[in-house]
Amino acid sequence: MAEGDNKSSNVIAQETAQLEEQLQAWGEVILAGDRVLRWEKPWFPGALVGATTVIFLLVYYLDPSVLTGLSCTVMLLCLADYLVPTLAPRVFGSNKWTTEQQQRFHEICGNLVKSQKRVVGWWKRLCALKEEKPKMYFASVISSLLAVAWIGQQVHNLFLTYLTVSFLLLLPGLNQHGIISKYAGMAKREINKLLKQKEKKNE
């Protein structure tokens with residue numbers, strides 16, 4: 001068991017080092033984005049929601065086709081991939097890279113690798129469920145897809161995408177400031193109260 005944990009840790013460390021090397025040119029931009037996503041300043045959440053709202057209002061106003069939207073998105077990604085490594089050192093100053101920044105960059109890369117491992121693990125568990133319990137797999141997948149299809153039918157797809165993107169952008173800050181754990185704890189306590197009341201009524 002210990003050997004397996006050591007191998008897993010070594011693999012994560014190796015993949016983290018590789019990711020750090022690949023993203024080194026984006027280091028300052030990633031750190032700046034991390035500060036915004038973790039709400040280091042109180043106005044960052046409003047700025048995130050405001051920027052997201054402006055972008056989606058622009059998309060709603062222009063109403064591009066799927067092909068046009070996809071082409072523009074890929075074009076912006078290509079421009080960013082070309083310009084960011086060139087402009088980032090001039091904007092942020094590569095000589096200002098500190099040990100604390102390097103440590104935070106290492107933590108971010110490690111978290112990205114671990115998140116990737118979790119997604120792969122969930123996919124493997126889903127595949128294992130398909131092999132071991134096909135009926136449960138079929139029922140779970142079909143019911144989940146029907147629920148998503150119903151939500152998509154009730155809510156405008158662009159508005160639904162806006163809500164999803166806004167939530168994902170706010171999620172790191174909500175987690176960092178303990179808001180999620182706070183309300184999750186409140187919900188858990190309320191559920192426990194309801195269960196206890198139900199048990200008393202049954203008695």
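**Before you start.** Residues are numbered from 1 along each chain as its sequence is written, and side-chain values use heavy atoms, without hydrogens or water. In this predicted model, local features need pLDDT of at least 70 and side-chain atom pairs count only at pLDDT 80 or more, while totals for chains, interfaces and linings use all residues.

**Stop 1: the core.** Select Leu19, Leu31, Phe105, Ile108, Cys109 and Val113. These six residues are the largest nonpolar core. Such a core is a set of buried Ala, Val, Leu, Ile, Met, Phe, Trp, Tyr and Cys residues joined through side-chain atoms within 4.5 Å. Buried means under 20% relative accessible area, exposed over 50%, and partly exposed in between (1.4 Å probe, protein chains only). Helix α5 (residues 99-132) gives the most to this core, with four residues. Helices here are DSSP runs of H or I with at least four residues, numbered from the N terminus.

Now centre on Cys109. What is in contact with Cys109, leaving aside its neighbours within four places in sequence? Thr16, Leu19, Glu20 and Leu23 are. Contact means heavy atoms within 4.5 Å.

Stop 2: The whole structure holds five salt bridges. A salt bridge puts a side-chain nitrogen of Lys or Arg within 4 Å of a carboxyl oxygen of Asp or Glu. Select Asp34 and Arg104. They form a salt bridge, with the closest N and O atoms 2.9 Å apart. Asp34 lies in helix α2 (residues 27-37) and Arg104 in helix α5, so the pair ties together parts that are 70 residues apart in sequence. Asp34 is buried, at 10% relative accessibility. Arg104 is partly exposed, at 21%.

Glu107 and Arg104 are three residues apart in helix α5, about one helical turn. An α-helix has 3.6 residues a turn, so residues three or four places apart point the same way. Glu107 is partly exposed, at 35% relative accessibility.

Next, select Arg38 and Glu40. Their closest N and O atoms are 3.0 Å apart, in another salt bridge. Arg38 is buried, at 18% relative accessible area, whereas Glu40 is partly exposed, at 45%. Show Asp34, Arg38, Glu40, Arg104 and Glu107 together: salt bridges that share partners join them into one network.

**Stop 3: helix α7.** Select residues 157-176. Helix α7 has 20 residues and reaches 29 Å from its first C-alpha to its last. That is close to the 28 Å expected at 1.5 Å a residue, counting 1.5 Å times one less than the number of residues. Where does α7 bend? The bend is at Leu170, by about 40°, and Pro172 follows within four residues. The angle is taken between axes fitted to the seven residues ending there and the seven starting there. The buried residues of α7 are Tyr162, Ser166, Leu170, Gly173 and Leu174. Step past the helix to Gly178, whose phi is positive, near 75°.

**Stop 4: the rings.** There are three aromatic pairs in the whole structure. Rings of Phe, Tyr and Trp (its six-membered ring) pair if their centres lie within 6.5 Å; planes under 30 degrees apart are stacked, over 60 edge-to-face, and the rest tilted. Select Phe56 and Tyr162. Their ring centres are 5.5 Å apart and their planes at 70°, so the pair is edge-to-face. Phe56 sits in helix α3 (residues 44-62) and Tyr162 in helix α7, 106 residues apart. Phe56 is buried, at 14% relative accessibility. Tyr162 is buried too, at 18%.

Definitions and conventions: Helix = DSSP H or I, 4+ residues; strand = E, 2+ residues; numbered from the N terminus.
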